[in-house]
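The sequence and the structure are shown first.

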Amino acid sequence: MAPSASPLNTATAREYASPAEAAHVALTAILADLDRLDRQHSVESAGVELAGFEPAGLADAAIRSAAIRGVCVDAPPGAGKSTLAVAATRHLTEADRPVMIVTQTNEQADDLVDRLAGDCPGLSIGRLHKSGYLAPPRVTRHAGITLGEDAQSLESCQAIVSTAAKWAYAKPIAPRWAIVDEVYQMRSDALLLLGNRFERALFVGDPGQLDPFSAYETDQWAGSDFNPLDNAMDVTLRNNPGLPVHTLPVSWRLPPSAVPLVSQAFYPNGPFEAGTRPEQRSLVFGADDSGDRAADEALDRAAQTGWSYLELPHRHTLRTDEQVAEQIARVAVGLLRRGAVAVSERSPSGGPVTAERIAIGTAHRDQRQAVKRQLRRLGGAPTEAITVDTANTLQGREFDVTIAWHPLSGRADASRFHLETGRLCVLLSRHRHACIVVGRAGIQEVLDANPGDHEARLGVPPKFPDGWFAHQSVLAHLRSSSHHVPVTS
Amino acid sequence: MTTGQEQESGSAGRLAAVRGAAAPQGFSARKIAALLDNPECGRRKLLDAAGVDKRVLADRVGYPSLFGQSPFAIARAAAFAEIVRRDGFAELIRLLRDTLNFSLAEAGVADLADPAIAAAATADGLSAQEARHRETVALLRDAALGTQPIAVFGSPVLALSIGGVPAYLEPDAIVHREGGRFTVVGIKAFPVIDGQAPAASLTAAVKQQAVYQIALRRNLADALGDDADSVADEVVLVCPENYSNRPIAVIHNAKQQADAIALLLDRLGGVDRLVADLPAAADFDLSDDGAGAARRSPGELATALESVGARYLPTCRANCDLAGFCRGEAERAGSPALLGPDVRDALPGIMSIDDALTLINDETDPSPDQAEAVAHLRRAARLRRESLSRTEGVA
Amino acid sequence: MSTLQAIARLQAYESGYAQPITTVRHAHIADRPMVFIPLQLAGQAAAPLAAMLGENRRRPQMLIVERPRIRRYRFKFAADLAAVLLPYFESFTEQSFGDEPPADAPQIVVPNQGAIAFTAHLGRSTRFRRIGVPNSRSAAADARAAAIAGVAPGVPVVGQWLTWLADRARLPGSSVLLAATDLLRAHWATGQSGYEDGQLAALHAWIDPPRGLTGAEAAHRTADPILFPPAGPGTDPGFDERELAPALEACEAAHGDPAAEQAARKALEDALRSQLEPVWDQVWGAVALLRGLEPAAHTVKRWEADRRAFAEFDTRVRAGGLPQPRRDSAVSSGRRLGQYERELDRFEAQRAYDDPLVMAEYRLAGEAFAGVVEEAEPDRLIGEGRSRKLRPLISVRTSDELWAEPGDRFHNAANPRQSATVVRIESVPGAAVLVTVELTGGMGRGRKAAKGTVPQPGDAVCFTSLALEGVPGAAFPEPHETPWTHGGPPAGHAPTEADAEEDWD
Amino acid sequence: MKPRTGRGSTLTVREQVHQALSVLGGPAAPKLISAVHEAFFTGPVLPRRMASLRRDEERSFTAGPYQRPYYICAALTAERLAPGRGLLAVSTWPLERRIVGPLGPRTDFLTAAVHVAQQVKRIVSCGEEPSEPAWQLLRRYASNIPGATGPRDRERPEPGRVRRAALAELAVHEAADRADRDRAAGRAREQLTESQRLFGMVVK
């Protein structure tokens, strides 16, 4: 969740001529902070007075005190986290500061390596990995990337990229600057394992997504400043209250149609706006009939308004509701059959929405399987490349069109799991063009009957927005006539 | 969204009729907070709105409530509250100085439980609570306007309309910083040990204070015009520290609880419908005819109860006097709810335990809507059979 | 709760008797368990009121606090408790020698989670105490020392032990401190809700009703708090009002008059015994029921870990080690969570490997499949020259619902060191699938599989994605190396005078 | 036969209450009065024995005003001049001292702290050891007055220090509190009968 008080507030886009400018200002401010930390650091290690430390507008006083060793950045969906990571890496390495980059998954690590190699020619990049790792094409296609299973062998690289898990087991190398990505999905105990491998760090993450969790349920550390179950950002800020916290003010992924809902429902503490204008994004179909009326109507609505809510008749079902799974598959298949084309600032002339550009999000793993089975049945091979995954694994990913299985569909009640704000946020914020939500009628009643337990814990600030409220406002939006597609029979 | 009050203004009379001649049972903050436990239980909604004494009712219909508070718990709570209140709230004032940075000068105290207040007002034909409420609002107003140097309001009385039914609520204290905000204070006897309090007690306490927050906001808004942020989202709880009697103050942000309760309060409109749907003959009159004979027989009361839909959960036994009755009802109906939400979730679209069993044992065929769930259940039953038979001796 | 357990509940409801949800016992039941039933004075976190405890079902020992509001009496209770528990603990260390774990270890069985929490409270409120020896630092110190004099030597020690037990009880699969309700629920499903299973009396009645009654009938009777007092630590409010309050007042009144004290104490003891005895029988009943079950294969291993842990802590206590801190540091909480998580995975895997009924849960969830081998290619080798490896293929016909995809890794439930990678899945007639897997490991050294290590056609097999051995956790920094992100190195936690003299009213 | 307290005291309840109130020097509730009496005299006074005291005193006053050197009377709330809830006071005190305005409870608490501290000091300076209840009482004040105790003397607060701290805070409230009292006392003198001035105005 977004840290409440932040010593410096990057201006929101509204105050600037264009989103691009606002984003640029934010980025510059962040890099400037990195410089301050770095200068202070080198001065400290040189052990001389802070002479000629030119005063700057930001939290200099704080930063001068050795307490400040990190910069935190809240980045809403598609606000350019990796762009920032790349920029920061270039910035630091150009100042001869070697960098260690920490990601949460190998996917993310490979994506980042790809971006770095592409944007920073000449940068020596190390990809630290576990044994049995197979480098994907997007990594192997670049020259100047060294793969290695132990950190020492990569020590000469300016930037070493790996997952938190691998870093934790790697033999120690000389401390360097760290860039920690998706820090809100990183558990604080995982950061504790790495804490001595870096002296200064840039923490980047999306406060709206899912909190880390553990199969071992316990409240024994509730309220502790070191609760290992809390995310790494919250714990670092609790122990270093002075750290500057920036917010990236612009989403380059979400279309203008999605930003208002996502921003107000999930980011009350750090509102953001769309980087594109409505006319820059559109979704058009080659054919207007896929053979499934409901799916077609949902697709048309989604194309027009960016959202649609395909609502099956009410009934209580198992988690793996085959009818919902089938309906979702039909929408996905319809999307392919109708030859959807996405027009955007990236491809003004329009690019085909291929299977790779489509994602289906579920709450549970067995739902994922049910959808895959229906896809195989209805769509066959062409649908193989469609990403079908749980909210947890979809975090940080981006697609043209997403189809979400509503977490409360067919349920008789709403558990804490199903009301979790982050889960809903992830499902509704992966798309560049449109999001189709599929569920059963009756969700409103389930919500009204299950306001959540609202358990209080000393020393644990309540999280905002509350999942129940987020669900209420999202549902109100989806059921509005412009998105609602009820399926009768 | 229109507020409960507006929708409900008419129903108060009909609710009184439902309650019959028995004295109404006021709403307590705890009762209101209980909305969060099971908001869609029509039965509890109606009875609470009508001010029916569920405890007595449960007794009458033969399912005596198993709740009770130990005299020791009560004594302990009273003794601790006395420690916090004595010497002009000296302990509380110390804590306010430590935790909310009250200045030395901010030590003014008002005792709104002073019988003289009630005495004075009964002269103008007000009930004691009405009188204390009037005085409370007047003093809060003065404090807000800075004309009265009062920092601690002891035992104030707030008013809140619950679905058209007026309720008077009595927080332990409200505190006010000059030119600052009002903060609700609760005095609780559960301990804070090494910075942590028992989750259940703490949550209950926070919800309770949240209700006071709502009432305080609405009362101030009426008295001063809309001024929502004159009440802090944080509440102060005064509890014994570790294993001692020494009071310690902890602060918790109750906004989430307050938001949720406020939203539910506004949705209480449902009561209207519930009253309307009640059969003409049905009421919950617990009074007697003066000659000691009950106006309503247990049978009549039970029938009336059954005419209002309940939403039984096993956990009701922890927070509702009527749980015993509702459980009995669920038992007679063989409702899956009896076995808990987990089992009920495993039986989607299956209305009774017997149906479930006959379906699982292949004795009946599932409806199309049930097919999927039943297939899964039969698979589970098969696996269970296999695995048990594989190892004799047990079972 | 899984669908299988839902079925078990339905069957329990139908039959009127609790139904097993395991085929073996997954907890260790020691030869000499000690049952401990604490009662607490309502309204206070750690105000001991009484306890019934002992190793011998027929000879329960009773401790009571006749003036529970007075600290001196609470410390006396703690001292009495120490006098029973410490010798019990020591009786296990006598035979321990060298690095070998002691032959056996203490095992405390309490009625429910509430009792475990109360055990932790007792530990917390006693482990920091110093033994009250007046030392003339100042008049104040002397007065205080006088006040806490009577803190017997055993008190801080038993405090550390109680804390150790309560901590250890959080560790999945540990059996040093067990709650009877947890034990029973882990092995039987009743025909009531899980919430109601929290009441030991009802739960026990469903499983082991008195002759002539069904479990359902017996459980129904337990609703009466007079016949079936709550299992503590909280007492029944009705009892508090009717019997306890007068009895305690009598004790207060009698104070100072030895004869009267005797009588009042006796009356109080009788009242409390009436609350404790039924629970005593239920807990021992639970122990007997569990003993009746055949132990699962891995319980031995887990109990050995408990024995070692016991020996370690015993050495620490004997060496006069510091009492456990009030709250964990960053490093210790990180280490602990890691240990809990690894133990949880291991415990769940072990339960499944040990128990077909538990494995069935994973089969139902698509994380395991059982069937019969149709074809086998036991001598299949892949790779060239020196890197040629033995990789037999077998095809298993199963009617289990399987979510797996080619490339997924499973393990042979009968031969855990043998893993199986899914090669292909074909559906075959009869609502079944044919899963072809490639086997690795668990087949001996050579190029040919050791006899009986590769399942043959006709064999019944079961493969699961659960692994018995997890990866060891990464190394946390030493506390003195705690990084800046977590606030840097913590201050030490040697108990202060304030800790030792903390009020306990 | 007048009621006697259990602990061998030969004094009547009203005499014991008078003793305690004289130490405190301001209105007090029965529980506190009992604690003071236990701390400095012959043991606690059972609060229920004080329950009817005010009414008895009022009766005897109305029967024959000023027959007694002093009466145990009420403290008056500044706003209504009604008897303050459960508070007892001494008739010979100036009316102002018996008025309780918003700051009254605090200033009375601080005043009492000053007097209790002096009492303890007196005992110590006579070379005697104050009773544990006396120390308890002093702690009760010390722990709630800023600067009244240091880290060392939590158990045995230093009376002089407690007194100084109490006076320091008193100085903060003095003006405002005095104003309340004077205003109310003025009104009382104008509006109330002699008996009402002692026992408060009760709306019938």
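C:Ala431 sits in the loop between strand 13 (415-428) and strand 14 (432-440) of chain C. The model is a predicted one. Although C:Ala431 is not a glycine, its phi is positive, at about 45 degrees. With a relative accessible area of 75%, C:Ala431 is exposed, because the cut-off for this class is over 50%. A second residue with a positive phi that is not a glycine is B:Asp362, where the angle is about 60 degrees. B:Asp362 belongs to the loop between helix 15 (353-360) and helix 16 (368-390) of chain B, and its relative accessibility of 52% makes it exposed.

Cis peptide bonds are found in chains A and C. In chain A, the bond from A:Phe464 to A:Pro465 is cis, with omega near -5 degrees. A:Pro465 is placed in the loop between helix 17 (443-449) and helix 18 (467-478) of that chain. In chain C, the cis bond joins C:Gly232 and C:Pro233, and omega is about -5 degrees. C:Pro233 lies in the loop between helix 8 (215-221) and helix 9 (237-254) of chain C.

## Chain B and its helix 9

Chain B contains 16 helices and eight strands. Its C-alpha atoms fill a box of roughly 80 × 55 × 45 Å along the principal axes. Of its 395 residues, 56% count as buried.

Helix 9 of chain B covers residues 199-224, which is 26 residues. At 1.5 Å a residue this helix should span 38 Å, and the end C-alpha atoms are 36 Å apart, in agreement with that value. Just after the helix comes B:Gly225, which takes a positive phi of about 80 degrees.

Helix 3 of chain A (residues 81-94) has 14 residues. From its first C-alpha to its last it reaches 20 Å, close to the 20 Å expected at 1.5 Å a residue. Buried residues in this helix include A:Lys81, A:Leu84, A:Val86, A:Leu92 and A:Thr93. The helix is followed by A:Asp96, whose phi is positive and near 60 degrees.

Helix 7 of chain A (residues 164-169) holds A:Trp167. A:Trp167 is buried, with a relative accessible area of 1%. Between A:Trp167 and A:Val102 there are 65 residues in sequence, while the distance from C-alpha to C-alpha is 7.6 Å.

## Salt bridges around A:Arg338

Over all chains, the structure holds 110 salt bridges. One of these joins A:Arg338 to A:Asp296, with the closest N and O atoms 3.3 Å apart. This pair links distant parts of the chain, 42 residues apart: A:Arg338 is in the loop between helix 12 (322-337) and strand 13 (340-343) of chain A, and A:Asp296 is in helix 11 (residues 293-305). A:Arg338 is buried, at a relative accessible area of 1%, and A:Asp296 also counts as buried, at 7%.

A:Arg338 forms a salt bridge with A:Asp300 as well, in which the closest N and O atoms are 2.7 Å apart. Here the residues are 38 apart, and A:Asp300 again belongs to helix 11 of chain A. A:Asp300 has a relative accessibility of 25% and counts as partly exposed.

The side chains of A:Glu345 and A:Arg432 meet in a salt bridge of 3.0 Å, N to O. A:Glu345 lies in the loop between strand 13 and strand 14 (351-352) of chain A and A:Arg432 in strand 18 (residues 431-440), so the pair ties together parts that are 87 residues apart in sequence. A:Glu345 is partly exposed at 31% relative accessibility, whereas A:Arg432 is buried at 2%. Salt bridges that share partners place both residues in one network, together with A:Arg253, A:Arg281, A:Arg346, A:Arg357, A:Glu398 and A:Asp400.

## A negative patch with residues of chains B and C

Which residues form a negative surface patch? They are B:Asp354, B:Asp355 and B:Glu363 from chain B and C:Glu14 from chain C. C:Glu14 lies in helix 1 (residues 3-15) of chain C. At 48% relative accessibility, C:Glu14 counts as partly exposed.

Key
Residues are numbered from 1 along each chain as its sequence is written. Chains are lettered from A and ligands numbered from 1 in the order in which they are written. This is a predicted model: local features need pLDDT of at least 70, side-chain atom pairs count only at pLDDT 80 or more; totals for chains, interfaces and linings use all residues. Side-chain values use heavy atoms; hydrogens and water are left out. Patches are made of residues with over 30% relative accessible area and no salt bridge: like charges are joined within 9 Å, nonpolar side chains (Val, Leu, Ile, Met, Phe, Trp, Tyr) within 5 Å. Accessible areas come from the Shrake-Rupley method with a 1.4 Å probe; for residues, only the protein chains shown count as cover. A salt bridge is a side-chain nitrogen of Lys or Arg within 4 Å of a carboxyl oxygen of Asp or Glu. Lys and Arg count as positive and Asp and Glu as negative; His and the chain ends are not counted. The place of a charge is taken as NZ of Lys, CZ of Arg, CG of Asp or CD of Glu. Helices (H or I, at least four residues) and strands (E, at least two) are DSSP runs, numbered from the N terminus. Buried means under 20% relative accessible area, exposed over 50%, partly exposed in between (1.4 Å probe, protein chains only). The expected span of a helix is 1.5 Å times one less than its number of residues.
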